[in-house]
Amino acid sequence: MSSSTTTELALELIARPSITPLDAGCQSVLISRLEAIGFDVELMHFDEVENFWARRNNDGPLFVFAGHTDVVPTGPLDKWLSDPFQPEIRKDYLYGRGAADMKGSLAAMLTACERFIAEHPQHTGSIAFLVTSDEEGPAINGTKRVIEQLDSQGIKINWCLVGEPTSKKSLGDVIKNGRRGSLNGSLKIRGIQGHIAYPHLAKNPIHLAAPVLAELSTVHWDNGNDYFPPTTFQISNIHGGTGADNIIPDELEVLFNFRYSTEVTSQALRDCVEGLLDNHHLDYTLNWKLSGEPFLTPPGTLVEAVQSAIHQIIGVKAQLSTDGGTSDGRFIAPTGAQVIEMGPVNSTIHKINECVSVKDLDTLSLVYQRLLEILLVK
C-alpha cells in the first residue's frame with residue numbers, strides 16, 4: 001500500500017467543514033475504512049456530539065488511537081490563500097483547516113492500521129479508535145462521555161496515543177507524556193456605585209481589588225518537578241465600569257486561570273485564592289471551573305515504544321514535554337491508561353493558512369505503524 005493514501009484521506013477529511021461540534025461526515029469516512037479491516041464499530045452520540053468506538057479483537061492488551069474530527073472556526077476567509085475547506089497542496093504542504101489539528105493525524109492512524117493489519121493479521125492484543133467531534137468545544141459530550149461508557153462496560157485501555165500536533169520544529173522532536181491541570185476562576189467583586197467627584201459616598205471595587213490581584217500575581221505556588229514547570233496564575237479578562245468617565249462602578253469582573261503541576265491540587269489553589277480574598281475583607285462571589293486535572297505517563301512501556309518508533313523511522317530522539325494546553329488525554333489517563341500524545345508540527349494550528357508537510361504525514365503514518373509492531377507483534 002502506498003503511503004500517499006494518507007494524504008488522499010487527509011484531503012477527503014479536510015474537505016468536510018466540521019467546525020466543532022459538527023462532524024460533517026468525517027467519522028463515516030473513517031468508519032467505513034475501519035470496518036473493511038475487521039473493526040467492530042459502536043456509535044456513541046450524545047446530544048449534538050458524534051463519537052465512535054471501533055475495536056479489532058477482544059484480547060488484551062488494548063491499544064487505542066484517540067482523536068477528534070472537529071476543528072476550530074476558520075477566522076476571516078479573505079485572509080486564507082485558499083478556501084480552508086477546499087484543501088490544496090502547495091510546495092509540498094497540505095493547506096486547510098484541520099490539516100495539522102488533527103485530520104492529518106487521523107489519516108495517518110488509519111493508513112498505519114491498514115498496512116499493519118495487512119502485514120500482521122494475527123497480531124496480539126487489540127487495536128481501537130476513540131474518535132469525537134467535541135474536542136475543540138466544551139468537551140462535555142465527547143471523549144469524557146465515551147470513557148464513562150467504556151468504563152460501564154468494563155473496558156480498560158492499556159495504552160493510548162492521542163494524535164495531537166506535538167512536534168515543534170520537526171516531526172517527532174517532541175511528544176507529550178502529560179499535561180498540566182487547568183483551573184478557571186470567575187470572580188466578581190462588589191462595591192457601591194457613585195459619582196466620581198464624591199468617592200466618600202461610593203465604594204470602588206477596582207481599587208478594592210487591586211491589592212489582592214497584585215498579591216495573587218506574585219504568589220509562588222510551587223517549584224514544579226522533573227516533568228512539570230511551576231504552576232502559573234494568569235488574569236485573562238477584567239471588566240468594570242459603565243463606560244462613563246464620571247461614575248464609580250458597583251462591580252468588577254475578573255477572569256483568571258491556573259495551569260498547575262502535580263505538586264499542588266486544584267482544591268489547594270481554591271483554598272489559597274479564597275483565603276486571600278477573605279483576608280482583604282472583600283464582598284465577592286467566585287465560581288470555579290476545572291477544565292482538567294494534571295496527568296503524567298512516566299517513562300515505561302508506551303513512552304519507550306513511541307520514542308523507539310520515532311528513532312527507527314525518523315532518526316531523532318523525541319523529547320518529553322508536558323507544556324501547552326489541555327487535551328482529551330485528561331479524560332483517558334485517570335482510567336489508569338498510559339497516554340502519549342504525538343503528531344505533526346504545531347506551528348500553524350488554529351491559525352490562518354493552517355498546513356502540514358505532506359512528507360510528514362506519510363512519515364507519521366510509518367511511525368504509527370512501527371509503534372503497533374513494537375507493541376503488538378511478538
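**Exercise 1. Determine which strands helix α5 lies across, and describe the sheet that carries them.**

Solution. The model is a predicted one.

Step 1. Helix α5, residues 205–218, lies across β10, β12 and β14. The helix runs at about 10° to β14.

Step 2. These strands belong to an open sheet of four strands, ordered β12-β14-β10-β15, with antiparallel pairing. At the edges stand β12 (232–240) and β15; each has a single partner strand, so one side of each is left without a neighbour in the sheet. From one strand to the next, the twist averages 15°.

Step 3. The pairing of β12 with β14 can be followed in detail. The two strands run antiparallel and are joined by eight bridges. Within this pair, Gly 240 stands opposite Leu 252 in β14.

Step 4. Helix α6 (residues 266–279) also packs on the sheet, where it touches β10, β14 and β15. The direction of α6 makes about 165° with that of β15.

**Exercise 2. Identify the elements that supply the lining of the largest pocket, and classify its residues.**

Solution. 

Step 1. The largest pocket has a volume of about 740 Å³. Its lining comprises 35 residues, and those nearest the centre are Glu 135, Gly 325, Thr 326, Ser 327 and Arg 330.

Step 2. At least two lining residues come from each of β8 (174–176), β10 (181–190), β14 (251–260), β15 (284–292) and α8 (329–332). Strand β15 gives the most, with four residues.

Step 3. By class, the lining holds nine nonpolar, 13 polar and 13 charged residues.

**Exercise 3. Describe the sheet that contains β19, and state which helix lies across it.**

Solution. 

Step 1. Strands β4, β5 and β19 form an open sheet in the order β4-β5-β19, and the pairing is antiparallel. The edge strands, pairing on one side only, are β4 (88–90) and β19 (355–357). The average twist from one strand to the next is 30°.

Step 2. Three bridges link β5 (residues 93–95) with β19 in the antiparallel sense. Tyr 93 stands opposite Ser 357 in β19.

Step 3. Helix α9, residues 358–376, lies across β4, β5 and β19 and runs at about 65° to β19.

**Exercise 4. Characterise the crossing of helices α1 and α2.**

Solution. 

Step 1. The axes of α1 (residues 4–14) and α2 (residues 26–36) come within 9 Å and cross at roughly 150°. The crossing is right-handed.

Step 2. On the α1 side, the contact is made by Leu 9, Glu 12 and Leu 13; on the α2 side, by Cys 26, Val 29, Leu 30 and Arg 33.

Step 3. Classified by type, the contact has five nonpolar, no polar and two charged residues.

How values were computed:
Residues numbered from 1 in each chain as written. Predicted model: local features only at pLDDT ≥ 70, side-chain atom pairs only at ≥ 80, totals over all residues. Heavy atoms only, no water. Pairing = 2+ DSSP bridges. Axes fitted to C-alpha atoms, helices over the stretch in contact; angles between N-to-C directions. Contact = heavy atoms within 4.5 Å. 1 Å grid on protein atoms, 1.4 Å probe; cavity = no way out; pocket = protein on both sides within 12 Å on 5 of 7 lines; lining within 4 Å. Points joined across faces, edges and corners; volume = space filled by probe spheres on them. Nonpolar A, V, L, I, M, F, W, Y, C, P; charged D, E, K, R; others polar. Left-handed = near helix turned anticlockwise from the far one by under 90°.
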